[in-house]
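Please keep the viewer open while I talk.

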Amino acid sequence: MIQSETLELLEWHRLCQHLSTFAATKLGVIAARHLKIPSFQAESEQLLEQTKEVYQLETRINTGLSFEGIQDIGDSIERAERSGILAGDELLAIATTLAGARNLRRAIDNQEDLPILTDLVADLRTYPELEQEIHRCIDERAQVTDRASQKLGEIRTDLRRLRSQITQKLQNIIQAKSGAVQEQIITQRGDRFVIPVKAPQKDAIPGIVHDTSTSGATLYIEPNSIVPLGNQLRQIIRREQAEEEAIRRALTEQVAAVKPDLERLLAIVTTLDLATARSRYSYWLGANPPRFIQPQENEMITLRNLRHPLLVWQQQHEQGQPVVPVDLLISPHIRVVTITGPNTGGKTVTLKTLGLAALMAKVGLFVPAREPVEIPWFDKILADIGDEQSLQQSLSTFSGHIRRISRILEALGNGDWGLETGDKELPNPQSLVLLDEVGAGTDPAEGSALAIALLQYLANHAQLTIATTHFGELKALKYEDERFENASVEFDETTLSPTYRLLWGIPGRSNALTIALRLGLKPEVVEVAKTQVGEATDEVNQVIAGLEAQRRSQETKAAEAQNLLQQAERLYKQVSAKAGALEERESALRASQELAVQQAIAQAKNEIAQVIRRLQQGTPTAQDAQQATNGLNKIAQQYQPATPAKPKPGFMPKVGDRLRVPKLGQTAEVLTAPDTDGELSVRFGLMKMTVKLQDVESLDGQKAEPVVKPKPAPAVVTPPPQNVPAIRTSKNTIDLRGKRVADAELILDKAISEATGPVWIIHGHGTGKLRQGVHAFLHQHPRVDRYEAAEQADGGSGVTIAHIQ
């Protein structure tokens, strides 16, 4: 009972109503309005995974999941099982539902990385043969078609012929007796063809009167000459109706035969529709997926910028006020949070927001808060919010609260508990308790004492309790028990109005006198009230006001620091961009220099070729040779880079040498010579230490010579045999298209065991499942050395080449 009361207090039914507007089918709407709350965490996690995968799927598909054609056929298949005969529109609804479910399954199967949804639709049977049979027998107007059976086709041919005869005879009568006819039309009364005749001239056309006009001036007469034809027409119509009924009965029997599968189809489609509604509602809210935490593992409740979903809806659809988010960051050891502050400050909204967030996470909805969203899975969510006053039950406000709190304690479980004997916590409490104005409605002293005792009890028997109060004594519990925490709603004394922000660690002030003054109470009355409050209370309020001012100052500084951080990030991006531009410029300069060098080399080669050609012309003399040599030397001096100056030879420290360690700014004495790793021991003063060669230098600034490690003897590697180019033939090619993975594995295993070289495996593209199965089998097969996709000319990714050891 208290569970349903809590849902009513939190206005859960309104949230379900909002959720139902995102459902696409009638069954989805019903399921959303009567949302079942899971009893186990595993169910909630399954629902969350469904929501995440639908969310992911709809981001890939432009049009989103389509539920077109899916209807509520539950009553129809129930009546079919009870041997009822379904009407044409009911059969047509079944056919469109089967087609819609098949389209849903195809949309999911065509995507990857959706294990939950894929598993959900794996057992979905859509009976395309039944759908085709229904469409063959029933047209778009839900009427039985002529092609449904040969007998029906013949009957309807007779009907058309007979109607044509009747119409022709009536036309002849109208033309022959035009003076007696009111209008030259042929109409029907029931299933009989009649013509409108003027009442005074009814004897001109003898026959059966089937109807009269309202004025009595017109009689609708079936002439005697066509009465036999009308009787014959009625008999054929009866035969037509009987044949149509037989066809619909046969279709109904086919539907009844697969009733369990159709019920399963409806359940799967409804589950998908509900998951899609949750995903679309979460997207509309700007919500994020929650993660269920374990407070026993010291994980903190993290709900930043948490918004009340009903207020968001009110803001968007009913022009409500902007929603002020709250931050709920609760350490794992905290069991009770007391929220204080003025009335109309947002304390009750905070309770409801947390309660709805916990419920939304349980049913698989995302939570309207900033990532990360981390919240425990509460097995029970219990609330006492609002005024329980009842004239019918003779309950005062206090009595109503106590009755409801008693039901909350019963739901938590009975147990021995006493303040004197010591409290024992439950082994694993998982309940969330929300109490509004705990202990209110009675004498303040007794109400405060009762509230303290109640919160101490809940600290032992519930995982988390959030309570609002005006009692100052409850604010002191934090300093007596580390499991208690204070919070308050902020009040702006400048505008004399609440800001609806939640402040943590600071107890709030009720600000009743300030609010009373703002609401128009006479100032002299307020001043007298202030003198009655007492100096101690005034001092406490001043301390709290100081803490609030300090918090605001810290928040201002934090905002400034955040701005500085953002500026630093912008500067970093600018510097990074400039550095990238410099690198690009350096690369371009290096490329141009390389091009210039290549051009210089080409020009030098041309000039050398000219010298050689001059020598080859005629008989070269010693003078010609000397001139050629001089020309080559000139070319070399022009195009060869200058020889860099040789670096000064380094030094090698020896035992007893004095050297400098720049990193330490010290002069040290060498105790041991450098080893093969380039490390040596030195001493400066009384301290000995090991340093690396690259970290020391001589007293005149020379760097040490690096230690050259002896190179290991090169290993003798036997060159691999030359691979003979593999040629694809019909013998080393197997075609697995259309095969199931299990059948394909048998064929593959046989082909690999007989293969002496590469094997070409044709699996096609399709949904990719066969290719994945083939690759998984090849990966674990001991004879397969490696595998790869074939060349584009050989089939590309639709063909895999397996290289056999």
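The axes of helix 1 (residues 2-9) and helix 14 (residues 397-412) come within 10 Å and cross at roughly 125°, where axes are lines fitted to C-alpha atoms, for helices over the stretch in contact, and angles run from 0 to 180 degrees between N-to-C directions. Helix 1 and helix 14 are therefore oblique to each other; in this scheme angles under 35 degrees count as roughly parallel, over 145 as roughly antiparallel, 65 to 115 as roughly perpendicular, and the rest as oblique. On the helix 1 side I2, E5 and L9 take part, and they meet R404, R407, I408 and A411 of helix 14, contact meaning heavy atoms within 4.5 Å. By class, that contact has four nonpolar, no polar and three charged residues. The classes are that Ala, Val, Leu, Ile, Met, Phe, Trp, Tyr, Cys and Pro count as nonpolar, Asp, Glu, Lys and Arg as charged, and the others, Gly among them, as polar.

Before I go on, a word on conventions. This is a predicted model, in which local features need pLDDT of at least 70 and side-chain atom pairs count only at pLDDT 80 or more, while totals for chains, interfaces and linings use all residues. Residues are numbered from 1 along each chain as its sequence is written, and side-chain values use heavy atoms, with hydrogens and water left out. Helices (H or I, at least four residues) and strands (E, at least two) are DSSP runs, numbered from the N terminus; on that basis the protein chain comes to 21 helices and 22 strands.

Of the 805 residues of the protein chain, 39% count as buried, where buried means under 20% relative accessible area, exposed over 50%, and partly exposed in between, with a 1.4 Å probe and protein chains only. Among contacts between residues at least 6 apart in sequence, 67% join residues at least 24 apart.

Now to two further helix pairs. The axes of helix 2 (residues 12-20) and helix 3 (residues 26-33) come within 8 Å, crossing at roughly 160°, and the two helices are therefore roughly antiparallel to each other. Their contact is made by C16, Q17, L19 and S20 of helix 2 together with V29, A32 and R33 of helix 3, and these residues divide into four nonpolar, two polar and one charged.

Helix 5 (residues 74-81) and helix 11 (residues 259-285) pack at an angle of about 170° with their axes 10 Å apart, and are therefore roughly antiparallel as well. Here G74, I77, E78 and E81 in helix 5 meet K259, L262, E263 and L266 in helix 11, a contact with three nonpolar, one polar and four charged residues.

Which residues of helix 8 (residues 128-137) are buried? They are L130, E131, I134 and C137, and seen down the axis of helix 8 they fall within an arc of 135°, so they line one face of the helix; the arc is that of the directions from the helix axis to the C-beta atoms. As background, an α-helix has 3.6 residues a turn, so residues three or four places apart point the same way. What covers the buried residues of helix 8 includes helix 6 (88-109) and helix 10 (227-257).

Some backbone details deserve a look. Y127, in the loop between helix 7 (115-121) and helix 8, has phi near 45°, a positive value in a residue other than glycine, and at 10% relative accessibility Y127 counts as buried. N298, in the loop between strand 5 (290-293) and strand 6 (301-306), also is not a glycine and has a positive phi of about 60°, but N298 is exposed, with a relative accessible area of 64%. A cis peptide bond joins E371 and P372, with omega about -5°, and P372 is found in strand 9 (residues 370-376).

Finally, two individual residues. I208 lies in strand 3 (residues 207-212) and counts as partly exposed at 38% relative accessibility; the C-alpha atoms of I208 and I221, 13 residues apart along the chain, are separated by 5.4 Å. S698, in the loop between strand 18 (687-692) and strand 19 (733-735), is buried with a relative accessible area of 8%, and, leaving aside its neighbours within four places in sequence, S698 is in contact with F651 and R660.
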